[in-house]
Amino acid sequence: MYIPAAFAETDLTRLHDFIELNSFGLLVSQVDGLPFASHLPLLLERSAEPFGTLIGHMARANPQWRDMEGQTALAIFSGPHAYISPTWYEAENAVPTWNYVAVHAYGRVQIIENGDALLEIVQRTVRVYERSMPQPWSFNGYGTFVERLLAQIVGFRIEVEKIEGKWKLNQNHPAERRIKVVRVLREQGGDNAQAIADMMQTDQQG
């Protein structure tokens, strides 16, 4: 990912926080020599060296997993984004841009087909996404239904060897312009605009 120095985010805790907040990622690898991508929830183990480990599963019918063992895959996590008009700066010699936040994680893939290990991946995934529910649903047992389900999926682990963060939030503009952009984004409303405004203010204060 192209990251000018002004937009680079290198704090590992902040990058991990972002992955967990935006965990429905895009997993990219090669299939038959061409890029192939799957949209998947990806769990993060923060403590694994050097930069954490990503864990997930996909349908066995998905051809991506068959060539992934040992490949270096790319997991992309996208956050809020917003179009920025040059008119908001109230200044000359400005152009349109797009503010956004993203994290890219790279690492070698280990395929997991063992039933017990697959069950653990599915149970962990359910726990993570059900924990905020009023009545969390649990995935327990090893009955016939579960066995049929596990036979239809493949798990994987990716030990992250490289991680990049890009916080493109108008850092290359003077503070007064950024204040104006935040004001307009607040007036626009919408989840993306509000989130970018929040991140711009946090970045300015930090």
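**Pocket lining and nonpolar cores**

In this predicted model, the lining of the largest pocket comprises 6 nonpolar, 1 polar and 3 charged residues. The pocket holds about 220 Å³ of space. Ile19, Glu20, Ser23, Leu42, Leu43, Leu44, Arg124, Val128, Tyr129 and Arg131 form its lining. Two or more of these residues come from each of helix 1 (12-21), strand 4 (43-45) and helix 2 (115-130). Helix 2 contributes the most, with 3 residues.

The largest nonpolar core contains 39 residues. Within this core, Leu27, Leu54, Phe156 and Leu185 touch the most other members. At least two core residues are supplied by each of helix 1, strand 5, strand 6 (72-84), strand 7 (97-112), strand 8 (153-168), helix 4 (175-188) and helix 5 (191-205). Strand 8 provides the largest share, 6 residues. A separate core has 8 residues, among them Leu119, Val122, Phe139 and Ile153.

Contacts of Leu54 were examined beyond four places in sequence. Leu54 meets Ile19, Leu43 and Leu44, which also line the largest pocket.

Gly56 lies in strand 5 (residues 53-59). Its relative accessible area is 1%, so Gly56 counts as buried. Setting aside residues up to four places away in sequence, Gly56 touches Pro41, Leu42, Ile121, Val154, Gly155 and Phe156. Of these partners, Leu42 belongs to the pocket lining, and Phe156 to the largest nonpolar core.

How values were computed: Residues numbered from 1 in each chain as written. Predicted model: local features only at pLDDT ≥ 70, side-chain atom pairs only at ≥ 80, totals over all residues. Heavy atoms only, no water. Helix = DSSP H or I, 4+ residues; strand = E, 2+ residues; numbered from the N terminus. Buried < 20%, exposed > 50% of the residue type's maximum accessible area, 1.4 Å probe, protein only. Contact = heavy atoms within 4.5 Å. 1 Å grid on protein atoms, 1.4 Å probe; cavity = no way out; pocket = protein on both sides within 12 Å on 5 of 7 lines; lining within 4 Å. Points joined across faces, edges and corners; volume = space filled by probe spheres on them. Nonpolar A, V, L, I, M, F, W, Y, C, P; charged D, E, K, R; others polar. Core = buried A, V, L, I, M, F, W, Y, C linked by side-chain atoms within 4.5 Å.
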